[in-house]
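Please keep the sequence and the model in view while reading.

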Amino acid sequence: MNTQGEEPADYAETAPILESTPAYEEGRAFTLGAEAFRLDYYSVPLIADRLVELLG
């Protein structure tokens, strides 16, 4: 998910419907950072690095 907070719980406060999704309930929701608001030449490598960091 695209959010500026570091934890999905930070985003759930502004989007409470998130808490009812299976991904959130099972701990499979991740924050991608502010760069994820658009996919362009600059942001895609940053998002890819974040996914590698989260998923290993």
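Helix 3 has 13 residues and spans 18 Å from its first C-alpha to its last, close to the 18 Å expected at 1.5 Å a residue, where the expected span is 1.5 Å times one less than the number of residues. Helices here are DSSP runs (H or I, at least four residues), strands are runs of E with at least two, and both are numbered from the N terminus.

The model is predicted, so local features are given only at a pLDDT of at least 70 and side-chain atom pairs only at 80 or more, while totals for chains, interfaces and linings use all residues. Residues are numbered from 1 along each chain as its sequence is written, and side-chain values use heavy atoms, without hydrogens and water.

The predictor's confidence in each residue, pLDDT, runs from 0 to 100; the protein averages 83, and 89% of the residues score at least 70.

| Element | Residues | Mean pLDDT |
|---|---|---|
| Helix 1 (lowest) | 8-12 | 72 |
| Helix 3 (highest) | 43-55 | 91 |

Where pLDDT is low, the predicted coordinates should not be read in detail.

The protein has three helices and zero strands, and from the N terminus on its elements run α-α-α. Of its 56 residues, 21% count as buried, a term that means under 20% relative accessible area, whereas exposed means over 50% and partly exposed lies in between (1.4 Å probe, protein chains only). Among the contacts with a separation of 6 or more, 39% join residues 24 or more positions apart, a contact being heavy atoms within 4.5 Å.

Which residues of helix 3 are buried? They are Ser43, Ile47 and Arg50, and seen down the axis of helix 3 the buried residues fall within an arc of 60°, so they line one face of the helix; the arc is that of the directions from the helix axis to the C-beta atoms. The face turned away from this buried side carries the exposed residues Asp49 and Val52.

Serine 43, which lies in helix 3, has a relative accessible area of 2% and is therefore buried. Leaving aside residues up to four places away in sequence, serine 43 touches Glu35 and Arg38, and a polar atom of the serine 43 side chain lies 2.6 Å from the backbone oxygen of arginine 38. Beyond the other end of the helix, glycine 56 follows helix 3 and has a positive phi, near 75°.

Notes. A polar contact is a pair of N or O atoms within 3.5 Å; within protein, one must be able to donate a hydrogen and the other to accept it, and residues adjacent in sequence count only if both atoms are side-chain atoms.
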